[in-house]
Amino acid sequence: MSDILIDAEFDSGNIEVHAIEGTRARLALRKDNQSDFAQWFHFRVSGAAGRELELKIGNLNTSAYPGGWPQYDACVSEDREYWGRASSSFDENEDNGTLTIRYVPAGDLAWFAYFAPYSMERHHDLIAEAASLEGVDHVRLGTTLDGQPIDCLELGQGEIKVWLYARQHPGETMAQWWMEGALDVLTDTADSVGRRLLQHCRFHIVPNCNPDGSRRGHLRTNAVGTNLNREWAEPSGEKSPEVLAIRNRMDATGVDFAMDVHGDEAIPVAFLAGFEGIPGWRDEQGEDFYRYQRILDRRSPDFQTEQGYAKSAPGQANLTMSTNQLAERFGAVAMTLEMPFKDNPADPEPEQGWSPERSMMLARDCLAALFEWIETRDAAQR
């Protein structure tokens, strides 16, 4: 029978084809431009209707996060709308670490990705829809090195300055699905949480901080291999115009509350990281973060506090990272939200694992927690 065909020359596509024989293929990841980061993949297979695919992605022991491959199942879609999971296994001893994906497509086409992609076309649809609504202002913060716009949406009449921003690391696409869920809450006039938050807050929302890396199919960097979340102390127009543009707008508006939305390759649960270790740490500022974390933990079954990152020692926080920089620079209650690429073993969903839908629902929980945090802050400070 004929060999399958594999393509990745499209928005966020990433794969190298080393060999194809029938429905079996040996593949490899393409590194981010001018960088050694590699983890993201997104490709299309054609010609395999009703036949079992065996797709082997090798050399993964040298990927950015080898710990992300055990207990991981690849994402798959035949219509690019619904993304399920394909049975996958990882063998660290085969071809310097190999992920083997097995799947039988019903039709002639199937797309595979590290996580459900969020295309630049969908990004523009998201921006266009929100910006057309009454009360939503669009701000073009600047342009990327590839010449793409950096979009910001601003809405709300309140005094609390809230910044929500995502996809500093472009391969963490669950972050922009989260953003779509957040915008659904804030722009739906029937949503009581959104309505009340707009009375309390002025929101500044950057759904995609890294359009170039997103389109190029990068995991972690922009067009010239810069990890944007290590640029916040001294961003530059040459290496990190995205951060420079966003931080300049923050300087103009101020920041009271900030959430930087990400995905974690290895830890299979959602969690928050704070700003412990900043030079200007204040106990009341830290307690405001911990109080928000406790509220979210109580409200959302998809959030937990048992697993997460180690806290920095006093005075040892990395101020090149946005959460630490904003907490230090503005005295803001800043945090990094991490969501998993894998399924949560404590609450598995075998068909989809962690998914766009769960990311969007967590956004609603995060905003509901923000509303409660605001409503109860006077009592908490007494």
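The following legends describe close-up views of a predicted model.

**View A. The buried side of helix 3.** In helix 3 (residues 192–200), the buried residues are Val193, Gly194, Leu197 and Leu198. Because they cover an arc of only 130° around the axis, they lie on the same side of helix 3. Their cover includes strand 11 (149–155), helix 2 (174–187), strand 13 (201–206) and helix 8 (356–375). At the N-terminal end, helix 3 is capped by Asp191, which has a side-chain oxygen 3.0 Å from the backbone nitrogen of Val193.

**View B. The largest nonpolar core.** This core has 112 residues, and among those with the most contacts inside it are Phe41, Phe43 and Phe112. Helix 8 contributes the largest share of the core, 11 residues. Beyond its neighbours within four places in sequence, Phe43 is in contact with residues including Ile6, Phe10, Leu27, Trp111 and Phe112. Phe43 and Phe112 also belong to one aromatic cluster, together with Phe41, Trp69, Tyr72, Tyr103, Tyr114, Phe115 and Phe341.

**View C. The pair of Tyr165 and Trp232.** These two residues form a tilted aromatic pair, 5.7 Å centre to centre, with 35° between the planes. Tyr165 lies in strand 12 (residues 160–166) and Trp232 in the loop between helix 4 (211–216) and helix 5 (241–253), so the pair ties together parts that are 67 residues apart in sequence. Tyr165 is buried, with a relative accessible area of 1%; Trp232 is likewise buried, at 0%.

**View D. The pair of Phe275 and Trp281.** This aromatic pair is tilted, with 5.4 Å centre to centre and 45° between the planes. Phe275 is buried, at 0% relative accessibility, whereas Trp281 is partly exposed, with a relative accessible area of 29%.

Note on methods. Residues are numbered from 1 along each chain as its sequence is written. This is a predicted model: local features need pLDDT of at least 70, side-chain atom pairs count only at pLDDT 80 or more; totals for chains, interfaces and linings use all residues. Side-chain values use heavy atoms; hydrogens and water are left out. Buried means under 20% relative accessible area, exposed over 50%, partly exposed in between (1.4 Å probe, protein chains only). Helices (H or I, at least four residues) and strands (E, at least two) are DSSP runs, numbered from the N terminus. The arc is that of the directions from the helix axis to the C-beta atoms. Contact means heavy atoms within 4.5 Å. A polar contact is a pair of N or O atoms within 3.5 Å; within protein, one must be able to donate a hydrogen and the other to accept it, and residues adjacent in sequence count only if both atoms are side-chain atoms. A nonpolar core is a set of buried Ala, Val, Leu, Ile, Met, Phe, Trp, Tyr and Cys residues joined through side-chain atoms within 4.5 Å. Rings of Phe, Tyr and Trp (its six-membered ring) pair if their centres lie within 6.5 Å; planes under 30 degrees apart count as stacked, over 60 as edge-to-face and the rest as tilted.
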